Amino acid sequence: MSKITLAAACLVLAGTAAAGAQVLQERNISSALAVELAQATVAACAAKNFAVTATVVDRAGIVRAMVRADRAGPHTIDASRAKAFTSASARGNTSAMAETAANNAGARNLVHIQGFLLLGGGVPVRAGEEVIGAVGVGGAPGGHLDEECANAGLQAIAAKLR
């Protein structure tokens with residue numbers, strides 16, 4: 001009899017846990033907006049005579065769009081993708097992560113996470129407070145300039161993120 005009681009209790013508990021489970025609803029950047037952001041970002045850098053690549057990823061770090069300027073070096077492709085992935089994954093600016101890793105012994109191992117690139121130029125895309133993707137830029141003469149271009153691209157599409 002105790003086995004039957006135990007089995008019944010397990011079924012009741014399993015049913016209760018399933019009833020409490022919910023489907024997650026997450027917003028994400030669309031491919032059309034990702035393309036627009038990548039183009040605006042490359043244009044912002046071109047206005048400063050920087051040939052860059054801009055990569056836009058969704059909230060999970062998967063590439064949605066990439067634009068490489070004429071004369072941008074081939075290394076800019078991987079750098080921009082890694083910065084975007086890092087920003088989306090950590091939900092923050094890569095420049096801040098780089099500073100944290102440089103100044104905090106507990107964060108120094110972030111550089112060993114596969115796919116992470118702790119250089120300036122990765123910025124999250126937010127709709128309100130929710131991170132829906134990220135943009136990464138590679139190719140300007142300094143991560144701080146990559147980040148300026150990313151922010152200019154985000155400013156160009158800001159009205160569409162509300």
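Biologist: Which residues in α2 meet C149, A150, A152, G153, L154 and A156 in α5?

Modeller: Quick heads-up: this is a predicted model, where local features need pLDDT of at least 70, side-chain atom pairs count only at pLDDT 80 or more, and totals for chains, interfaces and linings use all residues. Residues are numbered from 1 along each chain as its sequence is written, and side-chain values use heavy atoms, with hydrogens and water left out. Contact here means heavy atoms within 4.5 Å. On the α2 side, the residues are L37, A40, T41, A44 and C45.

Biologist: At what angle do helix α2 and helix α5 pack?

Modeller: Two packed helices are described by the angle between their axes and the distance between the axes. For α2 (residues 31-46) and α5 (residues 143-156), the axes are 8 Å apart, and the angle is about 130°.

Biologist: Is K83 buried or exposed?

Modeller: K83 sits in helix α3 (residues 75-90). Leaving aside neighbours within four places in sequence, K83 is in contact with residues including T94, L117 and D146. Buried means under 20% relative accessible area, exposed over 50%, and partly exposed in between (1.4 Å probe, protein chains only). K83 has 3% relative accessibility, so it counts as buried.

Note on methods. Axes are lines fitted to C-alpha atoms, for helices over the stretch in contact, and angles run from 0 to 180 degrees between N-to-C directions. Helices (H or I, at least four residues) and strands (E, at least two) are DSSP runs, numbered from the N terminus.
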